[in-house]
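Biologist: I am new to this one. Could you show me the model and take me through it?

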Amino acid sequence: MTRPHVLLWDEYYDEPHYRFESSLDAAGKTALLIVAGTTGSANLPNQVVSTVLRRGAAIIDINPDFNIFSETAQRSPGGLFLQGGSAAFLPMLADLIKDRIAAGS
């Protein structure tokens with residue numbers, strides 16, 4: 001109960017704590033990946049982004065600073081780098097997605 005939900009030194013990603021396999025499975029099926037607030041310095045997020053890019057799906061990176069995911073997002077079909085905080089961009093993206101679903105697109 002008191003264990004932080006972080007990957008500690010000498011630990012590895014596993015399914016019970018980090019949803020390793022299910023994350024990669026979802027990446028293999030997604031049409032849009034939104035990456036928010038990470039620099040790409042850990043293995044699992046890099047594998048997820050690589051999987052989505054290989055499939056040709058869109059990636060949107062939201063981050064105050066340009067990073068490896070920003071570059072990858074711009075290379076993905078329909079992908080974007082939104083420079084700034086996720087608190088500003090995520091509600092706008094959610095509204096856009098809701099509007100598209102309501103419009104039947």
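Biologist: What covers the buried residues of helix 3?

Modeller: This is a predicted model, where local features need pLDDT of at least 70, side-chain atom pairs count only at pLDDT 80 or more, and totals for chains, interfaces and linings use all residues. Residues are numbered from 1 along each chain as its sequence is written, and side-chain values use heavy atoms, with hydrogens and water left out. Contact means heavy atoms within 4.5 Å, and helices (H or I, at least four residues) and strands (E, at least two) are DSSP runs numbered from the N terminus. The cover includes helix 1 (15–18), helix 2 (20–27), strand 1 (32–36), strand 2 (58–63) and helix 4 (68–75).

Biologist: Which residues of helix 3 are buried?

Modeller: Buried means under 20% relative accessible area, exposed over 50%, and partly exposed in between (1.4 Å probe, protein chains only). In helix 3, that gives Leu44, Val48, Val49, Thr51 and Val52.

Biologist: Within what arc do the buried residues of helix 3 fall?

Modeller: The arc is taken from the directions from the helix axis to the C-beta atoms. Looking down the axis of helix 3, its buried residues line one face of the helix, because they fall within an arc of 160°.

Biologist: Which residue follows helix 3?

Modeller: Helix 3 covers residues 43–55. Next comes a residue with a positive phi, near 80°: Gly56.

Biologist: Is Leu90 buried, partly exposed or exposed?

Modeller: Leu90 lies in helix 5. Its relative accessibility is 34%, so Leu90 counts as partly exposed.

Technical notes:
The expected span of a helix is 1.5 Å times one less than its number of residues.
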